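Trainee: Please pick one residue and take me through its surroundings, then connect that to the wider fold. Keep it brisk.

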Amino acid sequence: MSFLKQIEEKWQKRWETAKIFEADPDKTRPKFFITFPYAYMNGPLHVGHAFTASRVDAYARFKRMQGYNVLFPWAWHWTGQPLVGASERVVKGDKAFIKSLIEVDGVPKDELEKFVDPIYMATYYTNEGRTSTRKMGFSVDWRREFDTTMPTYQKFIEWQYENLKNMGYVSKGTHPVVWCPKCRSPTGDHDRQVGEGVTPEEYILIKFKLDKETFLPAATFRPETIYGVTNMWVNPDATYVEAQVDNEKWIISQEAAEKLKEQGRTIKTRRQIKGRDLIGKTFESPITNIKFPILPGWFVDPKHATGIVYSVPAHAPYDWLALKDLQEKPEVLKEFNMNAEAVKNIKPISLIEVAGYGEYPAIEISKQLKVKDQNDPKAEEATKLLYKKEFHEGILKANCREYSGKTVREVKDMLIRDFKTRNIADAMYDLPQQVVCRCMSQCIVRILQDQWFLNYSDLEWKEKARQALGRMKIYPATATSWFTTVIDWLKEWACARTTGFGTPLPWGKGWIIETLSDSTIYMAFYTINKHIKRHNIKPETLTSELFNYIFYKEGDKQKLSKETGIPAEILAEMQEEFQYWYPVDLRVSAKELVPNHLTFFIFHHAALFPTEQWPKGIGVNGMLMIEGKQMHKSKGNFVTMKSAVEQYGADATRCTLLMAAEGMDDPDWRAENAKEMQSKLESFYNFAKSIIKNNEKGEYTHMERWLMSTLQHRISAVTENLEQMKTRTALSIALFEVWNDFRWYIHRKKKPNAKALKQALKTAIRLLAPFAPHICEEIWNQSGEKGFISLADWPTIDPKQIDLQAEEEETLVKNTIEDTSSVLKATKITPKRICYYTASTWKWKTYMHILEKSTRGEVKLNELMKEYAVKAEFRKHLKELAKFAPAIVKEISRMQEERKRSLLEAASLDEKETLESAKDFLTERFAAEIRVYSEEDVERYDPKMRASLSAPCRPAIYIE
């Protein structure tokens with residue numbers, strides 16, 4: 001075992017023994033309630049979970065050190081189909097799945113045999129997850145732990161849904177849902193193996209006529225384009241059926257007929273038809289009664305909508321490209337006995353006028369993007385760009401009859417309504433992408449009758465959700481628009497299913513509340529579960545009246561005590577606990593949960609709690625990749641939290657993850673980065689130990705002032721970035737930039753001041769503690785401090801320690817070294833002597849004058865030169881100023897305001913003296929004789945007259 005792992009185990013045991021992360025109400029301190037979505041226990045916790053949880057824990061530790069009473073609880077999600085589906089795959093002997101359980105999850109074979117019981121499987125993964133979470137060093141209050149099948153939790157969920165139903169936010173209705181034909185239940189996002197986030201989409205079916213009795217319903221999102229139809233596409237190799245759909249005869253794909261059976265349609269299949277038997281026939285437009293040909297289109301997917309597509313080559317890039325391919329390869333048409341010349345004569349029909357394009361936008365955009373053919377990926381980009389532009393800006397032309405002159409956007413709904421009334425159009429639902437249930441069955445769309453739904457389309461509820469969002473801090477702020485969009489488009493959501501684990505719907509026998517609907521306000525349950533467990537409170541005593549007392553302060557505790565048998569003082573403690581911790585201060589999760597869980601979290605809190613208990617903040621982060629690829633267990637691209645901690649240690653795993661990304665950028669876990677981080681932390685630990693052991697009594701110089709001053713800026717930067725959940729930037733500063741500051745100080749100071757170094761180290765490790773808590777606890781302890789660094793005060797800026805003069809002196813030395821190195825690299829000289837020439841007094845006066853003026857607004861060169869022409873101190877250098885001033889104005893215009901203030905406050909900077917004091921350091925650095933002159937020195941060595949090139953903060957250099 002490495003010494004870092006020994007350190008980690010040591011401090012985890014000490015934290016647990018001292019119970020320092022167990023948080024109880026304390027009215028003397030501000031509270032901070034932070035949460036992380038509980039994970040599904042159909043598999044192990046992985047580094048994706050570890051990434052988000054590390055962000056949560058870093059923030060929790062930061063707030064705790066700032067003096068907040070921090071609660072960070074943890075729980076386990078057992079409800080829904082994921083567990084049952086995973087267990088069934090073991091029962092069925094799914095070899096690939098079982099192999100991944102053994103090789104990726106590390107499940108022993110003797111345990112695997114018991115996975116036929118989904119409860120055992122959940123218990124196994126929960127125990128493994130708890131161990132891994134503890135080994136990561138997360139500062140969790142484990143007294144509040146629960147899983148979502150616990151009867152006490154289910155009573156809480158029953159209370160939630162009874163209230164929602166009474167408010168009118170849950171109702172029975174008829175709506176399209178993603179449906180598993182095997183489970184015979186709606187399949188929510190987290191009950192899916194594939195297709196999370198996919199929702200049913202309505203396709204408009206334009207009913208073209210094959211003959212007087214038969215319709216060819218072609219699916220589209222753009223019914224207005226019927227006015228530009230030129231042909232139809234049918235897959236020659238697909239199987240179609242002639243079917244009686246309600247009271248009409250339709251020809252549709254075999255798959256479409258099966259789908260429509262689940263959408264309230266009466267389907268009677270008469271006969272099968274090969275797609276190639278339709279090729280070459282003609283169909284009639286229901287608008288114009290003009291006939292058009294049916295052409296072969298192998299790209300048509302019979303599993304998608306009706307399997308029939310009408311073609312509008314003027315406005316649909318795919319249609320234009322497919323038609324062009326056929327026209328350029330007429331031999332394809334021979335097997336269908338089609339007239340190639342007739343196909344070649346098909347011309348696009350323009351129907352939409354859109355700014356920036358001519359008659360045929362699809363042709364133009366295909367050429368602009370250099371789309372080669374219908375198989376070119378750029379065809380999809382062309383389609384999306386054109387559809388968006390035509391929808392928002394397109395105006396229908398005269399051939400669109402009564403709709404001409406109107407925008408596509410304003411006419412679409414009206415046109416659909418009119419077409420349905422005239423029996424020109426119908427509709428069906430389908431999934432735009434594949435969805436696979438956890439039971440491994442392909443999902444379809446079903447229109448459910450008498451199904452229980454959450455009424456997210458309720459306008460009053462939406463408005464409450466918007467208000468709640470408006471009061472929240474969203475990290476990063478750019479994610480706010482995502483939430484706004486989801487709140488706007490979110491519609492009825494099937495909140496119950498008939499299979500899997502979960503809380504029974506209180507009023508619906510046989511229904512179970514689905515997995516994304518029972519996980520919206522459980523943070524409230526954390527606040528009271530400590531008491532439920534401690535006092536062994538039975539589920540049957542957790543009545544609606546009890547929850548109303550705790551959450552709404554309704555009812556009398558004495559009466560409630562008699563009814564439930566729970567002592568009145570315990571009821572009061574539970575109420576006090578909830579009222580103290582609520583609202584949730586921050587919830588952090590991945591961006592994939594914005595369209596569902598995180599937005600549901602907002603909706604349900606807005607519905608069930610008063611405004612003062614609405615959530616205060618949400619942090620959104622990216623989705624973790626493994627070695628540059630999407631994490632996928634079945635493809636072996638998967639790293640468990642357990643294996644990462646065992647291989648690299650907790651601090652290295654945490655820091656590797658936190659350095660990978662911030663905001664909504666997708667982090668990338670790379671083993672090489674973890675190894676490197678492990679090595680860096682070991683080096684930092686040894687470096688810190690060397691400082692602790694150092695007893696040098698070097699004098700206190702400007703270098704100590706520089707170190708302490710620089711550290712104040714690091715404190716400010718780490719604090720500001722952490723407050724904004726910019727964990728990567730904060731860690732980068734706390735570890736690497738601070739470390740570099742120490743190394744520079746030691747490099748510059750041959751005999752460092754041990755007292756100053758140790759003082760600075762204690763500040764530095766407190767900045768690092770939220771990210772790498774174990775190693776920082778050890779260093780803190782070895783430095784002689786008592787207690788835990790986890791509970792130490794967060795560093796704050798000491799204005800007295802800020803010394804801008806010392807900072808500017810060191811900036812000058814660093815910049816001079818950098819400039820010298822650049823010259824040496826460019827000239828490839830091995831230096832024997834290096835001469836530096838600092839700027840003259842008049843240049844400095846000019847520089848400071850321009851600098852000061854720039855803080856009050858833009859410096860205009862012509863006005864500046866007029867000013868210099870009349871001022872005596874500048875007039876005598878007017879010729880030189882004509883060249884010098886423009887360069888300085890340009891330089892200062894690019895300078896950050898903070899640097900300007902620093903230079904102005906450090907106005908007494910003596911460049912010559914600063915470089916003179918650094919001569920020994922520069923001599924050693926460049927292995928050359930160092931000479932320092934002022935431009936004003938009469939006697940100076942300057943064979944190439946370089947002194948005149950000097951400028952403030954940029955000495956001129958001569959090397960020989």
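**A close look**

Mentor: Thr564 counts as buried, with a relative accessibility of 11%. Buried means under 20% relative accessible area, exposed over 50%, and partly exposed in between (1.4 Å probe, protein chains only). The model is predicted: local features need pLDDT of at least 70, side-chain atom pairs count only at pLDDT 80 or more, and totals for chains, interfaces and linings use all residues. Residues are numbered from 1 along each chain as its sequence is written, and side-chain values use heavy atoms, leaving out hydrogens and water.

Thr564 belongs to helix α18 (residues 557–564). Helices (H or I, at least four residues) and strands (E, at least two) are DSSP runs, numbered from the N terminus. A polar atom of the Thr564 side chain lies 3.2 Å from the backbone nitrogen of Ile566. Beyond its neighbours within four places in sequence, Thr564 is in contact with Thr541, Thr543 and Leu546. Contact means heavy atoms within 4.5 Å.

Now the wider packing. A nonpolar core is a set of buried Ala, Val, Leu, Ile, Met, Phe, Trp, Tyr and Cys residues joined through side-chain atoms within 4.5 Å. The largest one has 126 residues, and Trp74, Trp669 and Phe771 touch the most other members. Helix α25 (residues 727–748) gives this core its largest share, eleven residues. Apart from it lies another core, of 75 residues, including Phe146, Leu490, Trp493 and Ile570. In soluble globular proteins, nonpolar side chains tend to be buried together.

Helix α12 (residues 378–393) has a buried side. Its 16 residues should span 22 Å at 1.5 Å a residue, and the end C-alpha atoms are 22 Å apart, which agrees. The expected span is 1.5 Å times one less than the number of residues. Ala379, Ala382, Leu386 and Glu390 of α12 are buried. Seen down the axis, the buried residues of α12 fall within an arc of 60 degrees, so they line one face. That arc is taken from the directions from the helix axis to the C-beta atoms. They pack against α9 (317–328), β17 (352–353), α11 (361–368) and α13 (408–421). On the other side of α12, Lys384 and Lys388 are exposed.

Last, a sheet. Four strands form an open sheet in the order β6-β5-β21-β23, with antiparallel pairing. β6 (185–186) and β23 (493–494) stand at the edges with a single partner strand each, so one side of each has no neighbour in the sheet. Two strands pair if DSSP finds at least two bridges between them. β5 (residues 170–180) and β6 are joined by two bridges. Cys180 has Ser185 in β6 as its bridge partner.

Conventions. Polar contact = N/O pair within 3.5 Å; in protein donor to acceptor, adjacent residues only side chain to side chain.
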